[in-house]
Amino acid sequence: MGAVTTDEAESRVGTYPFLLTDDQEQLRAAIRKFAAKEIAPHVSRWDETGEFPADVVRQLGEMGLLGVVFPAEYGGSGLGYVDYVLAIEELSAVDGSVGIIVAAHNSLCTNHIFLAGNEEQRRKYVPKLASGEWLGSWALTEPGSGSDASAARTTAAKVDGGWRLNGTKTFITNGGHADVAVVIAVTDREKGTHGLSAFLVEKGTPGFRAGKKENKLGLRASDTSELIFDDCVVPEENLVGALGEGFIDAMRILDGGRISIAALSLGIARGALDASLRYVKDRRQFGKAIAEFQGIQWKLADMATELDAARLLTQRAAVLKDAGKKVTRESSMAKLYASEVAVRICNEAVQLHGGYGFLKDFPAEKFYRDVKLCTIGEGTSEIQRMVIAREILKVSPSRG
């Protein structure tokens with residue numbers, strides 16, 4: 001797969017359809033420069049071998065990108081979701097694997113501790129996670145419990161001085177490399193989703209280990225693993241939030257997490273569109289660049305327009321999130337639309353490349369493989385439609 005250069009990263013397709021602050025422009029430029037220098041040269045190798053980019057993750061911690069939305073008093077960068085969306089898009093335009101590593105760490109693990117944890121937990125864990133000293137994972141999904149969280153089978157039973165966890169989590173981003181995991185487990189099966197609670201489990205805790213690392217279609221440099229709990233005992237103080245409110249807190253966390261998946265979708269789609277623009281200007285057929293053919297131009301116009309529309313939805317959700325508003329509807333709309341648009345754009349990118357789009361020497365095929373996860377992770381497109389329908393049926397149609 002060809003590397004993305006700095007010039008390519010500065011494509012006008014990556015510009016925002018509204019004004020950013022000078023600080024945000026500088027942030028975006030810094031991340032683009034870093035991604036072009038430190039990520040792009042290694043993307044093909046990481047993808048082929050499934051190598052986790054540990055050194056890059058460490059550098060991202062030093063840049064403050066592992067604690068984007070957390071206050072400085074907890075070691076974070078003190079920025080907002082608009083900045084966070086910028087960061088995830090810029091990283092994902094070069095390698096979606098890096099984007100999803102950062103997204104799961106920020107939006108899910110660290111954010112759960114920050115929003116639902118007590119002050120002692122925030123002080124103990126958030127600075128380590130925000131600095132990149134520690135990497136985090138978030139464990140909700142199980143082999144038999146995906147969209148239906150109430151079907152969870154991992155249990156946490158009360159024991160003297162703590163809780164004993166037993167069960168298996170699956171599809172856990174950063175699972176095999178995380179220093180701490182937020183784990184959702186059943187504490188009272190009779191209460192359904194109101195019987196789920198969240199627990200902090202640190203690497204090295206007896207009875208806790210990473211299981212199988214999944215061999216994936218795309219995002220292959222991102223570690224996706226099982227987490228296995230076999231009579232794993234954690235202390236009482238590792239309960240995060242109130243007993244029985246793990247599912248409620250998880251849904252709050254996903255409101256922000258879905259914004260990050262929308263941003264991941266934007267980045268992958270923009271990378272595919274940028275690659276297509278380069279290709280059609282260079283590829284010649286019938287004596288001229290194929291970019292001169294109207295059929296090609298219309299495809300590109302549709303791709304660019306849909307990408308900007310998805311970006312606007314994503315930024316709306318980010319702005320509302322920064323304003324402290326409830327964003328269940330807006331984040332689901334952004335995630336649904338951006339992910340499905342991204343799949344269409346990456347599909348068209350392969351088509352525009354013709355036979356070359358099927359080769360690993362060109363970036364289109366990797367974007368195509370990477371993007372599909374965006375319509376699945378953190379709630380499938382079908383779940384997003386359920387969430388949106390539920391929200392619009394209970395609010396005034398004039399909202400938004």
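Is Asn-174 buried or exposed in this predicted model, and what is its relative accessible area? Asn-174 is buried, with a relative accessible area of 0%. The legends below begin with the whole chain and then turn to individual sites.

**Figure 1. Overall view of the predicted chain, with its twelve helices and ten strands.** The C-alpha trace spans about 80 × 50 × 40 Å along its principal axes. For 400 residues, a compact globule would have a radius of gyration near 21 Å, and the chain agrees with this because its own value is 21 Å. Buried residues account for 56% of the 400 residues. Among contacts with a separation of 6 or more, 74% are between residues 24 or more positions apart.

**Figure 2. Surface and charge of the chain.** The accessible surface amounts to about 16,700 Å², and carbon and sulfur atoms contribute 54% of this area. The chain carries 48 positive and 53 negative side chains. The centres of these two sets lie 3 Å apart.

**Figure 3. The aromatic pair of Phe-70 and Phe-114.** Ten aromatic pairs are present in the structure. Phe-70 belongs to the loop between α4 (54-62) and α5 (81-92), whereas Phe-114 belongs to helix α6 (residues 96-116). The pair thus links distant parts of the chain, the two residues being 44 residues apart. Phe-70 and Phe-114 are both buried. Ring pairs also bring in Tyr-74, giving a cluster of Phe-70, Tyr-74 and Phe-114.

**Figure 4. The aromatic pair of Tyr-279 and Phe-362.** The ring centres of Tyr-279 and Phe-362 are 6.0 Å apart, and the pair is edge-to-face because the planes stand at 85 degrees, with angles over 60 degrees placed in that class. Tyr-279 is part of helix α8 (residues 246-282), and Phe-362 is part of the loop between α10 (328-353) and α11 (364-371), so the pair ties together parts that are 83 residues apart in sequence. Tyr-279 counts as buried because its relative accessibility is 10%, under the 20% limit for that class. Phe-362 has 25% relative accessibility and therefore counts as partly exposed.

**Figure 5. Glu-73 in the loop between α4 and α5.** Glu-73 has a relative accessible area of 53% and is therefore exposed, the limit for that class being over 50%. Arg-123 is 50 residues from Glu-73 in sequence. In space, the C-alpha atoms of Glu-73 and Arg-123 are 9.1 Å apart.

Figure 6. Ser-97 is located in helix α6. At 1% relative accessibility, this serine is classed as buried. When neighbours within four places in sequence are left aside, Ser-97 is in contact with Leu-219, Arg-220, Ala-221 and Ser-222.

Figure 7. Not counting residues up to four places away in sequence, Leu-115 touches Arg-122, Arg-252 and Ile-253. Trp-163 is 48 residues from Leu-115 in sequence, and the C-alpha atoms of these two residues are 22 Å apart in space.

**Figure 8. Asn-174, a residue other than glycine with a positive phi.** Asn-174 is found in the loop between β3 (162-173) and β4 (180-186). The phi angle of Asn-174 is near 70 degrees. With a relative accessible area of 0%, Asn-174 is buried.

**Figure 9. Glu-378, which has a positive phi although it is not a glycine.** Glu-378 lies in the loop between α11 and α12 (381-392). The phi angle of Glu-378 is about 55 degrees. Glu-378 counts as buried because its relative accessibility is 16%, which falls under the 20% limit.

Terms used:
Residues numbered from 1 in each chain as written. Heavy atoms only, no water. Helix = DSSP H or I, 4+ residues; strand = E, 2+ residues; numbered from the N terminus. Rg over C-alpha atoms; globule rule 2.2 N^0.38 Å. Buried < 20%, exposed > 50% of the residue type's maximum accessible area, 1.4 Å probe, protein only. Contact = heavy atoms within 4.5 Å. Areas by Shrake-Rupley, 256 points an atom, 1.4 Å probe, with all protein chains shown as cover. Lys, Arg positive; Asp, Glu negative; His and termini not counted. Charge placed at Lys NZ, Arg CZ, Asp CG, Glu CD. Phe/Tyr/Trp six-rings, centres within 6.5 Å; stacked < 30°, edge-to-face > 60°.
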